[in-house]
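Biologist: I've got a protein model open and I'd like to learn how to read it. Can you take me through some features, step by step?

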Amino acid sequence: MSLFKSGNPTLSEKQFQQTTSGYNSFETMTVRGTMNKFGFLMLMVMAGAAFSWQAFNEGKNILPYLLIGALGGLVVALIITFKKEWSGYLAPAYGILEGVFVGAISAYFNFLFREKYPDIIMHAVLLTFAVAASMYLLYSLRIIKVTERLRSVIFVATASIAVFYLLTWILGFFGIHFAFLTTGSTFGIVFSLAVIGIAALNLLLDFDMIERGSEMGAPKFMEWYGAFGLLVTLVWLYLEILRLLSKLNDRK
């Protein structure tokens, strides 16, 4: 069904079709169960973030925390994507690793802007949850309807951003850098706003995928998988908002 396309590759049509056709279970996925598991994953993220934040405050080198969190989280995410039935065991591990990564980055930004913008982390967190709550209301009230055309546009935009970020990372090894990614230029701010908008729209697709997965009767373990996919988008949104706030402060 083309209805199940999502900008988030962890919550795609193929992922849900494989589970509904390949597994038999008396218990099926529910929206409430998915959100409960998402809440648990958020606790894991906060625990991991507190760990790396404390390490930074104790004067420890946070580079290993960044690498372990980023690379470890990537490996676990790839395993979950291909072994969805393991998501109940691996999603909490992903949450902790992602928390370590996010906590290390947040601690660095907090230190970097400790004088110019001491509340940058608090504002980034509040804005992230405000955007997420707003998108949930827009989706639940059907103010924005997730249509086939919207899915296609968001999917293409998300894929384009992913390719662009990959290219900038590769070109960085050859000394080629794009200043607008880190500086507060007008174009840089517009770019960040556009990326945040796309990340926010991905939340709509995530909510839609979770709801439709429940309607399709996906196995119970897909609640963990749906919660994991939603967490991926939320962390992306937080990092982009944090980047935008740093750019705006750079203009002052």
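Predicted model: local features only at pLDDT ≥ 70, side-chain atom pairs only at ≥ 80, totals over all residues.

Biologist: What is the chain's helix and strand content over residues 186–205 and over residues 225–245?

Modeller: Over residues 186–205 the chain is 100% helix and 0% strand, with 29 Å between the end C-alpha atoms. Residues 225–245 also come out as 100% helix and 0% strand, and there the end C-alpha atoms lie 31 Å apart.

Biologist: Let's do charges. How many salt bridges does a search of the whole structure find?

Modeller: The idea is that side chains of opposite charge can pair when their charged atoms come close. A search of the whole structure finds eight salt bridges. Take K37 and E223, whose side chains meet in one at 2.7 Å, N to O. That pair links distant parts of the chain: K37 sits in helix α2 (residues 31–57) and E223 in helix α8 (residues 222–250), 186 residues apart.

Biologist: Are K37 and E223 buried or exposed?

Modeller: Both K37 and E223 are buried. For E223 you can see why: its relative accessibility is 0%, and buried means under 20%. E223 also meets K220 in a salt bridge, at 3.0 Å from N to O. K220 is partly exposed, because its relative accessible area is 28%.

Biologist: Which residue forms a salt bridge with R151?

Modeller: That's D208, with the closest N and O atoms 2.9 Å apart. This pair also links distant parts of the chain, from R151 in helix α6 (residues 148–172) to D208 in helix α7 (residues 186–216), 57 residues apart. R151 counts as buried because its relative accessibility is 1%, and D208 is buried at 3%.

Biologist: Next, helix packing. At what angle do the axes of α5 and α8 cross?

Modeller: In general, two packed helices are described by the angle between their axes and the distance between the axes. Here the axes of α5 and α8 cross at roughly 130 degrees and come within 9 Å. So α5 and α8 are oblique to each other, and their crossing is right-handed.

Biologist: What about the backbone? What is the phi of R142?

Modeller: R142 has a positive phi of about 60 degrees, although R142 is not a glycine. Look for R142 in the loop between α5 (120–140) and α6. With a relative accessible area of 37%, R142 is partly exposed.

Biologist: One last thing: where is N110?

Modeller: N110 is in helix α4 (residues 87–112), and N110 is partly exposed at 23% relative accessible area. N110 and I120 are 10 residues apart in sequence, while their C-alpha atoms are 6.7 Å apart in space.

Technical notes. Residues numbered from 1 in each chain as written. Heavy atoms only, no water. Helix = DSSP H or I, 4+ residues; strand = E, 2+ residues; numbered from the N terminus. Salt bridge = Lys/Arg side-chain N within 4 Å of Asp/Glu carboxyl O. Buried < 20%, exposed > 50% of the residue type's maximum accessible area, 1.4 Å probe, protein only. Axes fitted to C-alpha atoms, helices over the stretch in contact; angles between N-to-C directions. Parallel < 35°, antiparallel > 145°, perpendicular 65-115°, else oblique. Left-handed = near helix turned anticlockwise from the far one by under 90°.
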